[in-house]
Amino acid sequence: MAIHNDSTRVMPWLLRPMHEGDIQQGTQIDQDAFPENRYAPPFRRDLRERRYAHYLVAVSRDAPYDAYALEHGLPRNPRIQGNGRGRGARLKNAVRRLLGGEAETPPTEELIAGYLGLWTIIDEGHVTSVGVRRTHRGRGIGELLLIGAVEASKLLSCRAVTLEVRVSNDVAQNLYHKYGFKTVGRRKRYYSDNDEDAYVMTTDPIDTPDYSALLADLGARHAERWGATTRAYDMDEDE
């Protein structure tokens with residue numbers, strides 16, 4: 001399912017589910033956004049094995065990752081030869097197929113600016129993390145990912161969306177309040193890097209006309225400020 005909205009401008013970022021070619025950039029973003037974490041999320045295992053784990057990524061429409069990597073001292077993608085990948089990568093994939101394994105997904109060529117993790121727990125969508133590259137904050141990408149979390153949760157038949165947020169993170173809390181999240185609890189010493197508490201925030205039911213109207217209005221305002229977006233979701237409750 002793809003969602004489009006009308007605007008005279010087009011946002012340079014589109015939203016879609018993460019695939020394995022995005023993992024290198026997803027790990028970079030996690031390290032950039034959460035330097036206090038020792039490990040990035042287990043993206044590959046989640047994508048392959050955990051049906052309740054979903055990830056969304058904000059991908060550039062036209063900015064190449066390699067140019068960004070060169071400018072910021074990050075590892076570039078393997079060199080592309082012809083219409084395929086390098087000889088070593090092609091050989092590795094041939095061996096994988098002979099052994100009954102899956103071919104490796106080519107790395108994403110476009111720049112990924114942010115990602116969001118979403119777990120479906122019974123009838124709730126639980127946002128596990130939201131990360132945006134430091135170089136791309138303040139461009140509406142975090143809000144785009146949050147819109148995606150709510151829309152994806154609705155497609156997955158969730159009735160509400162929950163998350164944790166640092167008690168000191170007023171900017172994030174203001175964004176969540178804007179989208180109808182309410183503080184319903186507090187987790188003591190939730191963050192291991194500094195033992196900071198976390199607020200637990202949740203929405204009212206997202207399948208009601210009132211919340212749908214709120215989401216539509218905020219989505220229109222986001223498009224008016226940042227440009228129209230394409231948000232593609234390949235998920236449903238039967239996944």
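Residues are numbered from 1 along each chain as its sequence is written, and side-chain values use heavy atoms, with hydrogens and water left out. As the model is predicted, local features need pLDDT of at least 70 and side-chain atom pairs count only at pLDDT 80 or more, while totals for chains, interfaces and linings use all residues.

Helices (H or I, at least four residues) and strands (E, at least two) are DSSP runs, numbered from the N terminus. Two strands are said to pair if DSSP finds at least two bridges between them. Strand β3, residues 53-64, pairs with strand β2, residues 13-17, in the antiparallel sense over five bridges. Within this pairing, Trp-13 has Ser-60 of β3 as its bridge partner. Strand β3 is also joined to strand β6, residues 110-121, by eight bridges, and these two strands run antiparallel. Here Pro-64 stands opposite Glu-110 of β6. A further antiparallel pair consists of β9 (residues 181-191) and β10 (residues 196-203), with seven bridges. Phe-181 has Thr-203 in β10 as its bridge partner. The strands β9 and β10 form a hairpin with four residues between them, and Asp-195 in the turn has a positive phi of about 60°.

In soluble globular proteins, nonpolar side chains tend to be buried together. A nonpolar core is a set of buried Ala, Val, Leu, Ile, Met, Phe, Trp, Tyr and Cys residues joined through side-chain atoms within 4.5 Å. Buried means under 20% relative accessible area, exposed means over 50%, and partly exposed lies in between (1.4 Å probe, protein chains only). The largest nonpolar core of the model has 39 residues, and those with the most contacts inside it are Ile-141, Tyr-176, Tyr-179 and Phe-181. Helix α5, residues 141-155, gives the largest share of this core, eight residues. Apart from this core lies another, of 11 residues, including Met-18, Ile-23, Ala-33 and Val-57. Contact means heavy atoms within 4.5 Å. Tyr-176 touches Val-130, Leu-146, Leu-163, Val-165, Phe-181 and Met-201, not counting residues up to four places away in sequence.

Pockets were located on a 1 Å grid over the protein atoms alone; a pocket is an open set of points where a 1.4 Å probe fits, with protein on both sides within 12 Å along at least five of seven lines, and lining residues have an atom within 4 Å of a point. Grid points are joined across faces, edges and corners, and a volume is the space filled by probe spheres set on the points. The largest pocket holds about 1500 Å³ of space. It is lined by 50 residues, of which the closest to its centre are Phe-34, Ser-129, Val-130, Gly-131 and Tyr-176. Two or more lining residues come from each of α1 (23-33), β6, β7, α5, β8 (160-166), α6 (170-178), β9 and α7 (209-226). Strand β7 gives the largest share of the lining, seven residues.

The loop between β7 (124-132) and α5 holds His-136, and Arg-133 also lies in the loop between β7 and α5. His-136 counts as buried because its relative accessible area is 6%. Arg-133 is buried too, because its relative accessibility is 3%. A polar contact is a pair of N or O atoms within 3.5 Å; within protein, one must be able to donate a hydrogen and the other to accept it, and residues adjacent in sequence count only if both atoms are side-chain atoms. The side chains of His-136 and Thr-135 form a polar contact of 2.8 Å, and those of Arg-133 and Gln-28 form one of 3.2 Å. Not counting residues up to four places away in sequence, His-136 touches Trp-13, Tyr-68, Leu-111, Ala-113 and Ile-141. With neighbours within four places set aside, the contacts of Arg-133 include Gln-25, Asp-32, Tyr-65 and Leu-74. The C-alpha atoms of Arg-133 and Asp-30 are separated by 8.3 Å, although the two residues are 103 residues apart along the chain.

Gly-114 lies in strand β6 and is buried, because its relative accessibility is 0%. Ser-157 lies in the loop between α5 and β8 and is partly exposed, at 43% relative accessible area. Arg-189 is found in strand β9 and counts as exposed, at 59% relative accessibility.
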